[in-house]
Each structure stands twice: as structure tokens, then as C-alpha cells.
Amino acid sequence: MKLKVGLLGGGSWGTTVASLTAKNSPTIIWARDEETVNEINQFHTNEKYLPQAKLTPSLRASTSIKETVEDADVIVMGVPSQSLRKVLEEAKPFIRPWVPVINLAKGLELNTKKRMTEIIEEILPENPAGVLTGPNLEKEIHFGKAAAAVIAMVDHNIATRLQTVFSSGLFRVYTNNDVIGCELGGALKNIIAIATGMGDGANAGDNTRAAIITRGLSELTRLGVAMGGKKSTFAGLAGMGDLVATCSSSKSRNHHVGFQLGRGKKLEEIISEMNEVAEGVKTAKVVMELAKEYQVDMPISREIYKVLYEGNTVNDAFKGLIKYEVGSEKEPG
């Protein structure tokens, strides 16, 4: 029996995932914008977020959350992290118990510092929560480039069943039971991507990018392990894989923000020109609070926070990192 999928969120990644699942399962995607919904239903496109891309013809779109989720066997949350709670509260009355809810957003909630699956478990305690994450640049995946992702859930049997829903063509999905590590890897790497983008925008060079990625991985692993993730997770697709893809690609929204900062643009101007959310901008605030709470030193994240919110320049950030006390590369433990 094919599982029915209800996906909430009509941005580029949500639309890409909906188009993938529609190849395997009956899928409805919800978007607030009636024009987007009509475009998907009539022309099988979403030009605003996926220019020149043809969607799977069987994919249906709706402006009704109720219609999207009431018969779904799997709910996929494709909205930005700061919108997830509100949209899930709207959907809650129509979601059946025990239906898995899978999150796509890579961020942390500002007010509560919670991961997205924690919010899902809070609002829908009877529904298994999971995350689909990894090195997934939506435009490459939509146009058939080979890619791999991780579906992380505590219940291995459910994760294995959902592999067949998300896997498609050259898009291969692995399972992992370390939900905390997979989610944090996805959220924390966005800040490092802003850092590498800043370096690229300022023409700092390939050596600088490699150093930021490597030390950035060490930094996010320290916090991730302190918060309960497994160290091995950060060496896999949800950690190293996602970090390398996001830090190296001009298609990454977070790298784009950093790049424009490196070129001297103001953050407000950069954000106003973007169609979609760069999660790392808001996650940087949460990460500084978590670093203090868990007593984890995060020098790269700290310098990015200062650029985003304290008026420091890109030059200040790199000077700050150079002045940072040099110690052993080997991490404690």
C-alpha cells in the first residue's frame, strides 16, 4: 500500500521534496499563495522558487491545510524553522494520531532554543517525529544530480518504511537513529556557511575556506555532542556532508548571505533581496546562548554573530579569529 504524503510549505526545498515523493506516493503540497498553488496544479511548475523546473505531474497543490493533511499517512514540514510552530498548530486538528511528522527546516526556534522535532513532539506527542537532512541543494536534486540524505528517527522501523517514500532515482536516503545529532548538524552548519561565504566574498582564498570548514566541523561537533548527539553523526552526511556542500556552493542561501557580507553589503539589504530564509542568520543568536549554556567555546560562530548583530566588519571577524589563542588541534576526549 502506498503511503499518502501531505507536505506543508511551498518554498524551493518543500516543492523539491514534494515532487520527489509524488513519484512514489500520492502527494499534496500546501502553500498560502493561491497563485503558486494554481501554477503547480495547472503547469506543474513553481517558477518563483524553482525556475525552469518541471514538477512531477501527479503532484497536487492546495491552499487548505485541512485538505493537505487530513488523509495523509506521512506529514512533511517544509516551512522555515521560525514558522513551524504556528503552521503545525494550524494543522494539528486535522492530523491523525500516530502519523509520522518529518521536518525539513534546518534551524532552531529563537524563543525556546528547541530543535524542530522537539516542537513537533510538544504539539503532537502521539506522532513519531523525524528529520530529513543532509547535503541537499534543492536545485541540483530537482534536476536529477546524484545526492544522498538521512532520515533520522528514533524508531528504525518507521524510518526504514519512509525510505521508500523519499528515495527517488539518484536521490538516495539512509537511516539514522541519532535525531539530536542529525538535527543539530543541519542547523549549526549554516553559521559556518555564512563564515565561508564571507571569506569567499572577501577573496580570502581556498586555504581560508578549508580552514573554516575544518575548524567549523570541530566547533559544531563540540556543541552537538554536549547537547546529546553522537560524535560519529557529525562525520557523516548530516554533519560533514552537509557542511561541505553548504560551505562550498553559491547555490546555498547561507553562503550567499556571507558572500554578500564579504562584498560589503549590509545584512538588511541582503535579506530584503532574497526570496527565501537563510536559517543561519537567526540560528546564530540561539547558538551563542547554547554555547554559553553548555560551556562550549565556538570562536567562529561568535565572530559571525558579531558581524550579524554587533556591527563588526568582515575584517574584524577574521582578525578576531587570528587573535584567538592557538592550541592543540586534537579535541578533548
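Is C182 buried or exposed, and what is its relative accessible area? C182 is buried, with a relative accessible area of 0%, where buried means under 20%, exposed over 50% and partly exposed in between, for a 1.4 Å probe and protein chains only.

Before going on, note that this is a predicted model, in which local features need pLDDT of at least 70 and side-chain atom pairs count only at pLDDT 80 or more, while totals for chains, interfaces and linings use all residues. Residues are numbered from 1 along each chain as its sequence is written, and side-chain values use heavy atoms, with hydrogens and water left out.

**The cysteines**

A search of the whole structure finds zero disulfides, a disulfide being a pair of cysteine sulfur atoms within 2.5 Å.

**The sheet**

Next, colour the strands, which, like the helices, are DSSP runs numbered from the N terminus (strands are E, at least two residues; helices are H or I, at least four). Eight strands form an open sheet in the order β3-β2-β1-β4-β5-β6-β7-β8, with mixed pairing, and two strands pair if DSSP finds at least two bridges between them. Because β3 (60–62) and β8 stand at the edges with a single partner strand each, one side of each is left without a neighbour in the sheet. From one strand to the next, the twist averages 25 degrees.

Within this sheet, select β7, residues 147–153, where seven of the seven residues are buried. The side chains of A147, A149, I151 and M153 point one way from β7, those of A148, V150 and A152 point the other way, and all are buried.

Now bring in the strands beside β7. Strand β6 (residues 129–133) runs antiparallel to β7 and is joined to it by four bridges, with A152 as the bridge partner of V131. Strand β8 (residues 171–176) is parallel to β7 and joined to it by six bridges, and the bridge partner of I151 in β8 is T175. To follow the chain from β7 to β8, trace it through helix α7 (residues 156–166), a β-α-β crossover that is right-handed, meaning that, with the strands pointing away from the viewer, the path from the first strand over the helix to the second runs clockwise.

**A helix pair**

Then show helix α8 (residues 179–201) and helix α9 (residues 206–226), whose axes come within 9 Å and cross at roughly 155 degrees. That makes α8 roughly antiparallel to α9.

Select H44, in the loop between α2 (34–43) and β3, which has a positive phi of about 55 degrees although it is not a glycine. H44 counts as partly exposed, at 24% relative accessibility. Move on to W98, in the loop between α4 and β5, which is not a glycine either and has a positive phi of about 75 degrees. W98 is exposed, with a relative accessible area of 62%.

Last, select E89 in helix α4 (residues 84–91), which is partly exposed, with a relative accessible area of 41%. The C-alpha atoms of E89 and I123 are separated by 7.1 Å, although the two residues are 34 residues apart along the chain.

Notes: Axes are lines fitted to C-alpha atoms, for helices over the stretch in contact, and angles run from 0 to 180 degrees between N-to-C directions. Angles under 35 degrees count as roughly parallel, over 145 as roughly antiparallel, 65 to 115 as roughly perpendicular and the rest as oblique.
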